[in-house]
Amino acid sequence: MRLKDKVAIITGGSSGFGRAIAIAYAREGAKIVVGDLRAEPLSGGFEDSLTTTTVDEIVRAGGAATFVRCDVTKRDDVRALVRAAVDTYGRLDIMFNNAGIYRGGKLFHEFTDDELDACLNVNVKGTWLGSQEAVKQFLAQGKGGNIINLVSTAGLQGHPRQSVYNISKGAQANLTRCLAIEYGKQGIRVNGICPTYAKTALTRELFDNKDFDKYFTDSIPLGRWGEAKDVADLAVFLASEESSYIHGDLIRLDGGETLCRYSV
C-alpha cells in the first residue's frame with residue numbers, strides 16, 4: 001500500500017506500459033483514472049486478456065478506477081481528464097504521461113512531414129498538455145505533486161532509422177528537466193523513465209521477427225526484452241515516498257543497452 005489513497009492519472013492506460021502501471025498503482029492503494037482513446041487493450045499486445053479493460057481488471061481486484069476518453073493532443077480533452085480525476089476522487093497526486101506513438105524504419109530523408117508531426121503531437125504536445133494541466137491542479141491544491149513521463153532511451157541518444165521518434169523523445173526528455181527545475185520548490189517532483197524495446201503491442205512485429213529478435217537480444221547485456229512489469233515496478237517506486245529525493249532524473253531501464261551496442 002505504498003500509494004494508499006493517492007489519485008493517479010495514467011494516459012495511454014488501456015494497453016502496454018500504461019495498463020501495467022495502472023494495475024500496479026491500484027495494487028498499491030491508488031485510485032486510478034485511465035485516459036485513452038479506447039478502453040480496450042490494443043490488439044497484438046502481451047496482456048493476459050485482450051478483452052478485459054484496465055478498469056475492469058482493477059475493479060475486479062477490489063480497486064477504484066474510472067476510464068475517461070482522452071486525446072492527449074487536445075487541450076480540452078486533457079483538461080477534462082484532470083477535472084474528472086478531481087471530481088471523482090477529490091484531488092490529483094500523480095500524473096503519468098505514458099501515451100505515445102512510434103514511427104521508424106526509414107532513413108532521415110525518407111520520413112514525411114506527417115510522420116514527424118505525429119510524433120511531435122503525441123509524444124511532445126501530449127506530455128506538454130498533461131504536465132501543464134497537472135501543474136495547474138497541483139499548484140491550486142498547494143500540496144505538491146508528482147509527474148512521471150514515459151520517455152525512452154531514444155531521448156538519451158541517437159538511433160538509426162527512427163529520427164522522427166528520437167527528435168520527439170529528446171524534446172520530452174528536456175521538458176522533464178525544465179519542469180523539475182521550475183517546480184521543485186513547490187513540492188512537485190518530475191522524473192522520466194527511459195526504457196528500451198519492451199514487449200507491447202507497438203513492438204509485436206519486431207518481437208515476432210526472429211532476425212530482429214536475435215540482433216536486439218544479442219546487443220543487450222542482460223540478453224532479453226524489457227517487460228511491461230519492469231516499467232510498472234519502477235513507476236511505483238517513483239510515485240512513492242521511497243524516491244522522495246529523486247528529481248529531474250531520466251532513469252534508464254534498458255538492460256544495459258546504452259552501455260554498448262554489440263554482443264560479446
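This is a predicted model: local features need pLDDT of at least 70, side-chain atom pairs count only at pLDDT 80 or more; totals for chains, interfaces and linings use all residues.
Now, is Glu 115 buried or exposed? Glu 115 comes out at 15% relative accessible area, and because the cut-off for buried is under 20%, Glu 115 counts as buried.

Next, over to Asp 230. Which residue does Asp 230 bridge to? That would be Arg 224, with the closest N and O atoms 3.1 Å apart. Both ends are partly exposed: Asp 230 has a relative accessible area of 23%, and Arg 224 is at 40%.

Then there's a pair within a helix. Asp 233 and Lys 229 both sit in helix α8, residues 228–239. They are four residues apart, about one turn of the helix, and they form a salt bridge with 2.7 Å between the closest N and O atoms. On accessibility, Lys 229 is exposed at 56%, while Asp 233 is partly exposed at 39%.

Arg 75, Asp 76, Arg 79, Glu 133 and Lys 136 are linked by salt bridges.

And how many salt bridges does the count come to? The answer is 17. As for the general idea, side chains of opposite charge can pair when their charged atoms come close. If you have the structure open, have a look at helix α8 and the Asp 233 to Lys 229 pair.

Technical notes: Residues are numbered from 1 along each chain as its sequence is written. Side-chain values use heavy atoms; hydrogens and water are left out. A salt bridge is a side-chain nitrogen of Lys or Arg within 4 Å of a carboxyl oxygen of Asp or Glu. Buried means under 20% relative accessible area, exposed over 50%, partly exposed in between (1.4 Å probe, protein chains only). Helices (H or I, at least four residues) and strands (E, at least two) are DSSP runs, numbered from the N terminus.
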